[in-house]
Amino acid sequence: MDRLLASSASAREAARRATRNKRGERPRIRLGTDRAGMSAAARCESVTIGAVARPTRRIRSVVFDTAVGDLHEQNIMLRGYELHGAAFVELSWARPAASGARGSIELRVLTLGTVLGLSEPLRRSIAERPLEARSVAETERRERLLERAETRISVCFDDGFVEAGGRRSNFHEIELQLLEGAEEELWNVAAELAPRANARVLPMSEAELALARATGADPAPVKARRPKLAPDASLDEAIVAFLSACLDQFVANWPALQYRAPEEAIHQMRVALRRLRAGVSMLRRGVASEALETASTRAKDISATLGEARNLDVLLDMLVTGPLAQANGEPSFYALLDAAERKRIEAHSAVAALVAAPQTTQFVIALRGALAARNWRAPPGADGRADFDPSAPGSAKDFAMRSLERLHRRALRASRDLASLTPDQRHDARIAFKKARYAAEFFESLFDAHTKARRYLRQTSALQDRLGAYNDLAVAAELLRGLGESEADLAPASAFAVGWCAHAREGGAVDWKKTEKSLKRLEAFWR
């Protein structure tokens, strides 16, 4: 074996050993299911053969806040729970730099009533208002300990309910936590267990989701976060960081689909998968991986369903603010709006079914497992020998400089003479700049030029938005033609709206030359 490949393999094994030895960082997976799924999972061979059962535990948990929800407004949770006669208090909070991530501290107390006296340290946060119990959860937990080679995993089966505001919501959850060993084994167990339980990956515990349902506290859509990389990070570390961030954003938006912001949640899920696919495409010049290619293909399939819903969301907004604003009560326009709304409802139902489908959870688990195992290698060069080691310190920056330069030049070529480009060519330019911007977001933290990087991202984002609005009009026109052809009564209103879209697209052409001049002033922050 080539020495470089051998060193890369050795580095991956060292990374796995490092994962085994970490203390205090215990990866966990939460899977939501129903009562039948819990029973099926409990009988699964992967969590029964060689497993050690621990005594069943009953856990009572209380969430405290002020009457007006001061802590909730600040993304802070103060929770007390009782276990085996002992009482504990956990204070957790959202981390601003990492969407969906939380920090926490935990203390043992005499009784849960003691929590009500803990308002003093939080006085500034709650404006001296008293704390009170806002919800109560009771859980029956059955736990098993699995041992696989050098890996130990805790598997907990939780059945319980949450009561808040006079409403009760039940939940069923399976939680897997790595106690010791290689993280990929944790995902291997999840991959075996999830199909048997017909389970879905959860971005937070079922108890938290049940609490949200009981209290009416809608989970908010989650935007992308930019990974933070050390200056000497390896490409291996960068791959794990930015593809994990994409998965985090994708899964974190699942709960919001069920509440009052499904349109934004769908948009953010689509962005997450676009970023993931752009990242895998860029990585082809640095690593070869069947697992990443499979994930990219699956992400494309999922994105197609999300795209249909997103396009109809945009169409409805466009109809209301555009043609319908000039309709003056014309009934055919409102019939067109109703037809578009029916199609949008169908598309949203398809998205909900997609998220609940076992294949979507399998996609997430499979990619998480590939990232934990670092399931890729340096591709061989022309002589059959690898000339790049993705595990080497500093390899992320080397790869980033080459990738950013290549994507930047490609975007500039694609956008040359914007004013005279065809719609398809402008669409290609938009995609090229999107890939360049995503790469810049992935690697920004590697370079000590934050002001230049933010300026670059701001300018490329503005261009992408303008080209995106232009493309949205083209997509809307295509959808409108389809509606007009499907129902004769809609044809007049559809034709008028298509003409409105064409006029709106041409109306923006006068800005393209000015936009192209601004692109020539883009400053490459990585040079």
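Visitor: Where is A51 placed in the chain?

Guide: In this predicted model, A51 sits in the loop that runs between α2 (35–42) and β2 (52–53).

Visitor: Why is A51 called partly exposed?

Guide: The relative accessible area of A51 is 24%. Buried would require a value under 20%, and exposed a value over 50%. The value for A51 falls in between, so the residue is partly exposed.

Visitor: What makes D34 a cap of the N-terminal end of α2?

Guide: A side-chain oxygen of D34 lies 3.3 Å from the backbone nitrogen of A36.

Visitor: Which residues of α2 are buried, and what covers them?

Guide: The buried residues of α2 are G37, M38, A40, A41 and A42. Their cover includes β7 (132–148), β8 (151–164), β9 and α5 (183–197).

Visitor: Why is the pair of E175 and R28 called a salt bridge?

Guide: The side chains of E175 and R28 meet with an N to O distance of 3.2 Å. The cut-off is 4 Å between a side-chain nitrogen of Lys or Arg and a carboxyl oxygen of Asp or Glu, so the pair qualifies. E175 belongs to strand β9 (residues 167–180) and R28 to strand β1 (residues 28–32), so the bridge ties together parts that are 147 residues apart in sequence.

Visitor: Are E175 and R28 buried or partly exposed?

Guide: E175 has a relative accessible area of 8%, under the 20% limit, and is therefore buried. R28, at 39%, lies between 20% and 50% and is therefore partly exposed.

Visitor: What makes R30 and E173 a salt bridge?

Guide: Their side chains meet at 3.7 Å, N to O, which is within the 4 Å cut-off. The pair links distant parts of the chain, with R30 in strand β1 and E173 in strand β9, 143 residues apart. E173 has 3% relative accessibility, and because this is under 20% it counts as buried.

Visitor: How do you know that R79 forms a salt bridge with E90?

Guide: The closest N and O atoms of R79 and E90 are 3.0 Å apart, again within 4 Å. R79 lies in strand β4 (residues 76–83) and E90 in strand β5 (residues 86–94), so this pair joins parts eleven residues apart in sequence. R79, at 22% relative accessible area, is partly exposed. E90, at 18%, is buried because its value is under 20%.

Visitor: Why does R275 count as buried?

Guide: R275 has 2% relative accessibility, which is under 20%, so the residue counts as buried. R275 is found in helix α8, and its side chain makes a polar contact of 2.5 Å with the side chain of E441. Leaving aside neighbours within four places in sequence, the residues in contact with R275 include A224, R225, C246, Q249, Y438 and F442.

Visitor: At what angle do the axes of α8 and α9 cross?

Guide: The axes of α8 (residues 262–283) and α9 (residues 290–321) cross at roughly 150° and come within 9 Å. The crossing is left-handed. The residues of this contact divide into eleven nonpolar, five polar and seven charged.

Visitor: Why is N198 called exposed?

Guide: The relative accessible area of N198 is 52%, and because this is over 50% the residue is exposed. N198 lies in the loop between α5 and β10 (200–201). Its phi is near 50°, a positive value in a residue other than glycine.

Terms used
Residues numbered from 1 in each chain as written. Predicted model: local features only at pLDDT ≥ 70, side-chain atom pairs only at ≥ 80, totals over all residues. Heavy atoms only, no water. Axes fitted to C-alpha atoms, helices over the stretch in contact; angles between N-to-C directions. Helix = DSSP H or I, 4+ residues; strand = E, 2+ residues; numbered from the N terminus. Left-handed = near helix turned anticlockwise from the far one by under 90°. Nonpolar A, V, L, I, M, F, W, Y, C, P; charged D, E, K, R; others polar. Buried < 20%, exposed > 50% of the residue type's maximum accessible area, 1.4 Å probe, protein only. Contact = heavy atoms within 4.5 Å. Polar contact = N/O pair within 3.5 Å; in protein donor to acceptor, adjacent residues only side chain to side chain.
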